Structure formats: C-alpha cells, structure tokens
Amino acid sequence: HTLDATAAVGFLREAPAASAPGDGYQEKESSVRSECMMTLLTVIPQAPGFNAGVKAVEEEAVKHFGGVDKLPEFMTSALESLRKSAETNRQELCLQLRAMNEELRTGVLAGCARTVFRDCFQRKVDQLHGRLDEVHKDVVVAARKADQARGAHEGKLSPALANPNAASALQALCASEASRHDAAVAELVELRGRFAAVLREEAREFLDALHAHFLAMVRILDSLPLHPHFESLPGDAEVQIPRMSLKRLRRLQAGGVTEPVDQSGVKLPERTWEGVLLEEFVLEPQAAWPEEEVEKPPTPEPEDPKKAAKGKKEEVVVQEEEDPGPKRSDSVPSFRSTAHKQIFRQRNATYDGYLATWRQLCSEKHQEVQAREVKETEGKLHWDGMIKQLLQEPVEEEAPGEE
C-alpha cells in the first residue's frame with residue numbers, strides 16, 4: 001500500500017480529466033495527497049528503523065573485539081536487549097497502524113461520506129439557485145419593460161382615436177401594441193428555454209459529481225487492508241475473524257451457490273452497487289417546457305440500385321430488442337461491508353434530496369413564466385376589448401363655430 005498504488009481519485013476537482021495541460025494540477029494533487037497521508041499517519045511513516053541501528057552497533061562490536069565468539073557477555077546481553085526493544089517498537093507501530101486502519105474502515109469513512117455528500121448537495125443546490133436567479137432577473141426586467149410599454153399604449157388610447165379621421169393613428173397604435181405583444185411572448189419563450197437549459201445542465205452535473213464522489217469513496221474503502229492482510233503479530237492466533245451469518249449462508253444457497261463459502265476474512269463478499277436513476281430528472285412536456293435538442297445520427301448515403309440488384313438477396317431477421325429497463329449511472333463493482341452500505345445509503349439520500357429540490361424549482365420556474373404568459377394573454381384580451389368598445393362608441397360632432 002504505497003502512495004503510488006493508492007486509489008486513483010481526485011482531491012481538488014470532481015472532474016480532473018477536464019483540467020488543462022500544464023496547469024500544475026497533477027503536482028497539486030500529489031502534494032495534497034502526500035500531506036493528507038502524513039497528517040493521517042502522524043509519526044508512523046517517519047518512525048526511525050531501529051533494526052539498522054542495532055545491526056550497525058553489532059558489526060562495530062564484532063570488529064572491535066575481533067569476532068562474534070570473542071564478544072564479552074555484557075556486550076552480548078546489551079545487543080540482545082537492543083533487538084528486543086527494536087522488535088517491541090515495531091510491534092507497537094504495527095498495532096497503531098492496525099487500529100488506525102480499523103477506525104478508518106468502521107467509523108471515519110462513514111462520517112466522511114456524510115460530509116462529502118452533504119457538501120456536494122449544498123454546492124450543487126447553491127449553484128442551481130444562482131444560475132436560475134440570473135434568468136429570473138431577466139424575467140423581471142422583461143416583465144417591467146413589457147408592462148411599461150403596454151401602459152404607454154393604453155395611455156395613448158383616447159376617445160379621439162374613434163374619429164374616422166384618426167383611423168391611421170389608431171391603426172399604427174394597434175400595430176405597435178401587437179408588435180410589443182409578439183415580442184413579449186417570444187421573449188418569454190426564450191426565457192423558458194433558458195430555465196430549461198439550466199435545469200437540465202445542472203441535473204447532469206449533479207449526477208456526474210454524485211457518481212464521482214461515490215466511486216472515490218468506494219475506491220478508498222476498497223484500498224484499505226483487512227486484518228488478515230497485515231503481518232502476523234503475537235496474539236493474532238487468538239483473534240477470531242467474524243464469520244458469515246447463517247441467514248446470509250442460507251440466502252446464498254437459495255440463490256444457487258453450491259461452492260464452499262470463503263469465511264477466512266481475507267476477502268470481503270463481492271457486491272456490485274447499482275447506479276442511480278437518470279430518467280427522474282425530466283422536465284414534464286405537459287408543462288410547456290421545450291424539448292431537449294438531441295443530435296441526430298448522420299443520414300446514410302443512398303445505395304446504388306445497380307449494385308444492390310447484383311447483390312444476393314438475404315433474408316433479414318429482425319430480432320426484438322429486450323427492454324434494458326430504466327437508465328442508471330454506471331454500476332460500481334466492489335465488496336459488501338457495513339461501511340459500503342453506509343456510503344451507498346448516503347449517496348441515495350443525497351440523490352433523493354437533490355431530486356426533490358430540483359423538482360420544486362422546476363415547478364416554481366414554470367409557474368413564474370406561466371404567470372407572465374397568462375398576464376400577456378389577458379392583456380391582449382383587454383386591449384382588444386378596449387379597441388372594440390372604442391369603435392362602438394358614437395362620435396360626438398363638433399358644434400358649429402367650435403374649433
């Protein structure tokens with residue numbers, strides 16, 4: 001378990017592959033990784049090796065006294081005491097490393113998973129709110145501009161325009177209002193499309209980040225050694241490895257497993273952790289959201305009829321494709337343990353929380369744009385009613401001599 005053989009995960013970015021070449025990202029990653037290792041393991045990696053020192057003292061003593069068989073009793077006793085001290089120190093450091101490894105596996109990583117996924121959730125929600133607020137500001141500006149223009153047109157709509165002599169002015173005013181209404185509706189369509197684009201992009205980014213964090217946590221957990229992986233120490237023979245429960249054994253047998261189950265503790269049971277659903281983050285088409293643009297595959301070139309006639313006619317058997325089921329993110333092949341289950345539950349809880357927030361914001365933004373659309377529709381009906389009422393009113397003729 002050397003530094004270069006640890007799990008390939010990123011500490012500084014969720015998508016390290018997107019880093020530009022030459023920006024020093026790999027050097028920063030290596031520095032942070034080394035610093036974290038040294039902080040976590042404290043003095044263990046830097047502990048001096050006493051065996052080399054004891055050997056150097058022994059060689060010097062043998063050289064001084066002229067051979068191993070000529071060593072005095074006090075020197076032999078001193079060297080034996082040094083060897084015992086070095087072995088005791090080595091065993092103490094091994095026990096510290098074992099205890100730290102067990103604490104990481106059973107406690108620290110579970111708490112780390114809660115922190116990592118909570119941070120991921122909060123950052124992505126804040127980013128989603130921030131981008132939606134930018135579009136919301138444009139909606140407010142567009143609404144204020146449309147209301148002011150409509151108010152100006154309504155202010156110009158006076159009884160004097162009912163006079164046939166003012167027909168051209170009335171027609172120009174109606175054309176201006178119609179143009180304003182069409183522009184306002186088109187702008188609302190564009191703003192709704194921007195809302196939809198932000199919601200879809202942020203959903204994809206969240207799913208990518210969630211999978212990246214889950215994969216990193218599982219890789220780190222899988223890289224931690226189990227108890228039997230360490231070199232044996234005095235007293236290890238008395239340690240009993242937890243055996244598989246009878247319920248689990250019966251479940252395996254019911255599933256068709258006939259081979260003997262490995263209960264040595266050297267390896268955890270294998271488990272493939274399924275990905276999260278991808279089709280939950282879908283904008284409802286009945287809510288008038290624009291459809292997402294999908295790149296169409298290139299159209300194949302038409303086959304030459306002469307070449308096709310020369311070819312042999314082969315029967316084409318069309319096989320029905322099996323339904324693959326709902327689309328999910330990539331599954332993660334790993335192992336099964338209590339820590340794996342906790343990380344899996346934390347990921348799923350973060351997914352459910354973000355999905356609920358995302359759907360709520362979808363509804364809010366739909367209602368926001370819909371309210372403006374309804375107001376524009378009602379405003380047009382109101383304008384048409386005012387024009388109709390204006391043209392139906394009798395025009396008072398001016399009295400003789402009045403100008």
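The model is predicted, so local features need pLDDT of at least 70 and side-chain atom pairs count only at pLDDT 80 or more, while totals for chains, interfaces and linings use all residues. Residues are numbered from 1 along each chain as its sequence is written, and side-chain values use heavy atoms, with hydrogens and water left out.

The chain holds seven helices and two strands. Helices (H or I, at least four residues) and strands (E, at least two) are DSSP runs, numbered from the N terminus. Along the sequence, their order is α-α-α-α-α-β-α-β-α. The chain has 403 residues, and 29% of them count as buried. Buried means under 20% relative accessible area, exposed over 50%, and partly exposed in between (1.4 Å probe, protein chains only). The exposed surface comes to about 27,900 Å², of which carbon and sulfur atoms supply 54%. This area comes from the Shrake-Rupley method with a 1.4 Å probe. Contact means heavy atoms within 4.5 Å. Among contacts between residues at least 6 apart in sequence, 85% join residues at least 24 apart.

Helix H3 (residues 73–156) packs with helix H7 (residues 338–392). Their angle is about 5 degrees, and their axes lie 9 Å apart. Axes are lines fitted to C-alpha atoms, for helices over the stretch in contact, and angles run from 0 to 180 degrees between N-to-C directions. H3 and H7 are therefore roughly parallel, a term for angles under 35 degrees. The residues of this contact comprise 16 nonpolar, ten polar and twelve charged. Ala, Val, Leu, Ile, Met, Phe, Trp, Tyr, Cys and Pro count as nonpolar, Asp, Glu, Lys and Arg as charged, and the others, Gly among them, as polar.

Lys365 lies in H7. Lys365 is buried, with a relative accessible area of 9%. Leaving aside residues up to four places away in sequence, Lys365 touches Leu132, His136, Phe195 and Trp289.

A nonpolar core is a set of buried Ala, Val, Leu, Ile, Met, Phe, Trp, Tyr and Cys residues joined through side-chain atoms within 4.5 Å. The largest such core has 41 residues. Leu128, Leu199, Phe214, Phe281, Tyr351 and Trp358 touch the most other members. H3, helix H4 (167–223) and H7 each supply at least two residues of this core. H4 gives the most, with 13 residues. Tyr351 touches residues including Phe206, Leu210, Val276 and Phe281, not counting those up to four places away in sequence. A second, separate core has nine residues, among them Leu157, Leu161, Ala162 and Leu170.

How values were computed: Angles under 35 degrees count as roughly parallel, over 145 as roughly antiparallel, 65 to 115 as roughly perpendicular and the rest as oblique.
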